[in-house]
Amino acid sequence: MIDFLKRNTTLSTIYIGNLLLSFHYYLIIYVNSSFLSQFFSNAQLSFLYSGGAALNVILFLMAPRIIRKIGVYHFLLISVALEGIAIGGLIFAHNALSAGFFFTIHQVIVATILLSLDIFLENATKEEGRTGRMRSLYLTISNATLVISPIIIGLIVSGDNYSSVYTISAILIVPLLLIIISGLRDTNVEPPAHFETWKSVKGLLRHENVKWVTGAQLILQIFYAWMIIYTPIYLHEYIGFDWKEIGLMFTIMLLPFIIFEIPIGKLADDRYGEKEFMIFGFIVMMLSLFLMPLLVTQSFILWTSVLFLSRVGASFVEITTESYFFKQVVGGDSDWISLFRTTHSLGYIFAPLLATACIAVLPFSFMFTVLGVVVVFGIFCGRNLIDTK
């Protein structure tokens, strides 16, 4: 695999860009909600996340048309530049208006960068028999930064001062821009197909496998959004862990994404297919969520163990949904790729709204039980897939 990447400079550039973007993004993903909670109530915070995600969905639906006009390269370049401006603004945000404004830009833009890299990657990956391997390596590189980032956060965050984290995140935009300019400027990319939103949605819904795997991905993204927004707040403000403990806890929690995704991607390609692994992952996620409300003490070992278990399940679901979906599409299917990636933003719409309703009528800890019920629908989606093996 490494030799294959050395021979393919475009793929190497995409993987390096993914590494820099992931490090930039994951440094701040778990502190955003705590940073914003200094300016907004829990309900306001939920609506801020949902509003930004709704704007991102609109941009996502417009993305294929914009890409046809200016090209994937320029679309990616502009998105990365705007992301740098947004994070730079958050460094100096000292009131609700500025914090909300720059965070919204960040939330709207970052997923369009991921979409652009997806299109580059799909065009560079010609052998469908390699899809699971290439996607699992792509995800594992990204997830390696996800694992490292919480440790860095725990070391540099002092109290409720998060400016140092945003500063490092903003600096990483510079090499990301440079690698894109030097490595992707002259890359030929298959033009996106014409994209009419409702026609594309109807087409996706008529394709049974694409429909169900997109549904599974939506459940996974609701899980991610819910846990990313509310777990740090719950552990820090309700249970009483400090950021050094949370940083170490999250690093251990996220190890399954490095441990399991490459071997599961290979097994899905060569022997078993994705369906069984996906269903197993959703079951493990569900069970771990049902355990969380039972953890009423400030036990580092217990909390870390249950959170680790939840990400074992999520890692299985993540690689199998990615591999399965991209075995069903080609680079020209940018409309379906857009809709698939829109699930990230839809997760950030549905999760905060549902969580806010839960908080209004239930103790904070019981929101994890509600999320466990939501995850049951992922099992249903997985069962309806026709396996690739």
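This is a predicted model: local features need pLDDT of at least 70, side-chain atom pairs count only at pLDDT 80 or more; totals for chains, interfaces and linings use all residues.
Let me start with a term: a residue is buried under 20% relative accessible area, exposed over 50%, and partly exposed in between, with a 1.4 Å probe and protein chains only. By that rule I85 counts as exposed, because its relative accessibility is 52%.

Now, some housekeeping, everyone. Residues are numbered from 1 along each chain as its sequence is written, and side-chain values use heavy atoms, leaving out hydrogens and water.

How confident is the model? The chain has a mean pLDDT of 84, and 91% of its residues reach 70 or more. Confidence is lowest in helix α1 (residues 2-7), with a mean of 47, and highest in helix α14 (residues 275-291), at 93. Helices here are DSSP runs of H or I, at least four residues, numbered from the N terminus.

On to the aromatics. There are 22 aromatic pairs, meaning rings of Phe, Tyr and Trp (its six-membered ring) with centres within 6.5 Å; planes under 30 degrees apart are stacked, over 60 edge-to-face, and the rest tilted. Y30 and F250 make a tilted one, 4.8 Å centre to centre with 50° between the planes. These partners sit 220 residues apart, Y30 in the loop between α2 (9-29) and α3 (32-36), and F250 in helix α11 (residues 243-253). Y30 is buried at 4%, and F250 at 2%.

Last one, friends: Y230, Y234, Y238, W303, F364 and F368 form one aromatic cluster, and within that cluster both Y230 and F364 are buried.

Technical notes. pLDDT is the predictor's confidence in each residue, from 0 to 100. Helices (H or I, at least four residues) and strands (E, at least two) are DSSP runs, numbered from the N terminus.
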